[in-house]
Structures are given as C-alpha cells and as structure tokens.
Amino acid sequence: MEMMSKIQRLYDACNLVFSKRPQQQSFREIRWLQSLLDTLEAVDVGIDQSNREESCSMGHEFSQITYIHIHQCDYFSIGMFCFPAGAKLPLHDHPQMTVLTKLFYGSVAVKAYDWVNNGSEKSGGLAGVAVDCVMQAPCGATVLFPRSGGNIHSFTALTPCAVLDVLSPPYSEELGRPSNYYTSIPIPLLPGYVILEEEKELPDDLIVVSAPYLGPELIVEDDEDELDPCS
C-alpha cells in the first residue's frame, strides 16, 4: 500500500477540522494541525532544497515574492510563499481568520500586532505589539487567531526563505474578508503600541508572482468539490 503523503495528511486534517465544523475549532484541534505542520519539510511540497531557489520559482530568476497555490475551498486554503532575501510582505491583516504558518528554510523578521479593543478596526486604530522577532528554520509552526497571536503582521526575508500558510476561512472580498494593508505609526509615550492606518491602495512595491505546485498530488473529497467546484 502506498504511503499517504504528508501534505495529503495535512489536507485531510484541515478538511476534518475546518470543513465539518466551520469556526468551531477547539484549541486541541488547532494544536493537532500545528503538530502535522511540524512534520512537513520543503521536499514534501515539491521544493528541492539542494536547488531551492530554482525549484521554488520554477526556473525563473528568484527575485520576486512567489506564491504557490496548493488548495482552496470555502473553508480553508493551503499555499506557500517563497521570498528572495530582502523581500517584504507589508503589514496586512487576516479578518476573522485562524492562520497556521510553517517556515521551511531561511530566516524572516516578523512584526505583528493585535487590536487593543479585541475587535476588528479595518480603517485603523490603536494596536499592541504581539510579536517582534526573527524566525529561523528549523522552528515549530505558529498560529494566529482572529483576535490574538498577531493577526496583523509583516514579513521581511533576511535570507531566501519559504513559508507555508493554512488560512481558515480564506480571504474573500464578497464575504467581508479582504486583505487590508496598514502603515504603523509609533507612539513615543506609549512603548509597545502603535496607531495603524489603513492603506487605501495596495503598496506600489508589492509584487507577487505565481508558480505551479509540483508536490505530491492532492486527493480532494468529492463532497467538498460539490460545495466548491473551483477548488
């Protein structure tokens, strides 16, 4: 019998946790997904670490942020960002989302905030620093929640790196979950807090190109296909 791939195991678990009981996940279920992410390595999603720059950008010069789409349905998405050194994903939020992240290789500076009122201030407001650190692989998977854990964050690649994200639910303009970008304004008399102001337009220097997924084939449940034929 052929052994199930690690990415298939992650998909099956996400489908069980997120699709069957949307927005009703327990802390234990989220920790289970984290543990599955911790078993993943770059090779499990089609990246050859012996030549990871070329394999990540599929033969193109690895000079831009590259997104590799793996799966998306109504309830969750799985995808991967590959960064060249120095690339930055600006400060952005994840409205109403739980996000699990796994750094496969490299190092990245992370700055993350949460709204002080524990709500969602899409136009801006007072936010507190939740994370301000450098993540360096190998390291454990992280998780952020709709109101805690650093829901508004930015990434700056200190070296070439790759990050896998699981989002639940995924971004959706129609359902009120757009990706909002912000500028942070320090408050000198209030260390650890900033004013976040929403940027009305996408940052001019944000360029993300796409590349095909070359990892193990993903077998998607038939009932999910019926819910979302475009997955």
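Which share of the contacts in the protein chain with a separation of 6 or more do residues 24 or more positions apart account for?

1. **Overall picture.** This is a predicted model, in which local features need pLDDT of at least 70, side-chain atom pairs count only at pLDDT 80 or more, and totals for chains, interfaces and linings use all residues. Residues are numbered from 1 along each chain as its sequence is written, and side-chain values use heavy atoms, with hydrogens and water left out. The share asked about above is 74%, where contact means heavy atoms within 4.5 Å.

2. **Composition and surface.** The protein chain has four helices and twelve strands; these are DSSP runs numbered from the N terminus, helices being H or I of at least four residues and strands E of at least two. Of its 231 residues, 46% count as buried. Buried means under 20% relative accessible area, exposed over 50%, and partly exposed in between, with a 1.4 Å probe and protein chains only. The accessible surface comes to about 11,900 Å², and carbon and sulfur atoms hold 52% of that. Areas come from the Shrake-Rupley method with a 1.4 Å probe; for residues, only the protein chains shown count as cover.

3. **The sheet.** Six strands form an open sheet with mixed pairing, in the order S7-S4-S9-S2-S1-S12. The edges are strand S7 (142–144) and strand S12 (208–211); each has a single partner strand, so one side of each is left without a neighbour in the sheet. From one strand to the next the twist averages 25 degrees. Two strands pair if DSSP finds at least two bridges between them.

4. **The S4–S9 pair.** Strand S4 (residues 98–105) and strand S9 (residues 161–168) pair in the antiparallel sense over seven bridges. Threonine 101 has aspartate 165 in S9 as its bridge partner. Helix H2 packs on the sheet, where it touches S4, S7 and S9, and its direction makes about 15 degrees with that of S4. Axes are lines fitted to C-alpha atoms, for helices over the stretch in contact, and angles run from 0 to 180 degrees between N-to-C directions.

5. **Helix H1.** H1 lies across strand S1 (65–72), strand S2 (77–83), S4 and S9, at about 25 degrees to S9. The helix covers residues 6–19; at 1.5 Å a residue, its 14 residues should span 20 Å, and its end C-alpha atoms are 19 Å apart, which agrees. The expected span is 1.5 Å times one less than the number of residues. Ten of the 14 residues are buried, so H1 is largely enclosed by the rest of the structure. Among the buried residues are Ile7, Leu10, Tyr11, Cys14, Val17 and Phe18. An α-helix has 3.6 residues a turn, so residues three or four places apart point the same way.

6. **Serine 77.** Serine 77 is in strand S2 and counts as buried at 6% relative accessibility. Leaving aside neighbours within four places in sequence, serine 77 is in contact with His71, Gln72, Asp165, Val166, Leu167 and Pro170.

7. **Alanine 42.** Alanine 42 is in the loop between helix H2 (27–39) and helix H3 (52–56). Its relative accessible area is 1%, which makes alanine 42 buried. The C-alpha atoms of alanine 42 and phenylalanine 104 are separated by 5.6 Å, although the two residues are 62 apart along the chain.

8. **Cysteines.** The structure holds zero disulfides, a disulfide being a pair of cysteine sulfur atoms within 2.5 Å. For cysteine 73, the closest cysteine sulfur is in cysteine 14 at 9.0 Å, too far for a bond. Cysteine 73 is buried, with a relative accessible area of 3%. The sulfur of cysteine 133 is 8.8 Å from the closest cysteine sulfur, that of cysteine 139, again too far for a bond. Cysteine 133 is partly exposed, at a relative accessible area of 35%.

9. **Backbone points to check.** The peptide bond from alanine 137 to proline 138 is cis, with omega near 0 degrees; proline 138 is in the loop between strand S6 (124–136) and S7. A cis peptide bond also joins serine 168 and proline 169, with omega about -10 degrees. Proline 169 is in the loop between S9 and strand S10 (181–186). Glutamine 96 is not a glycine, yet has a positive phi of about 65 degrees. Glutamine 96 is found in the loop between strand S3 (88–92) and S4 and is partly exposed, with a relative accessible area of 43%.
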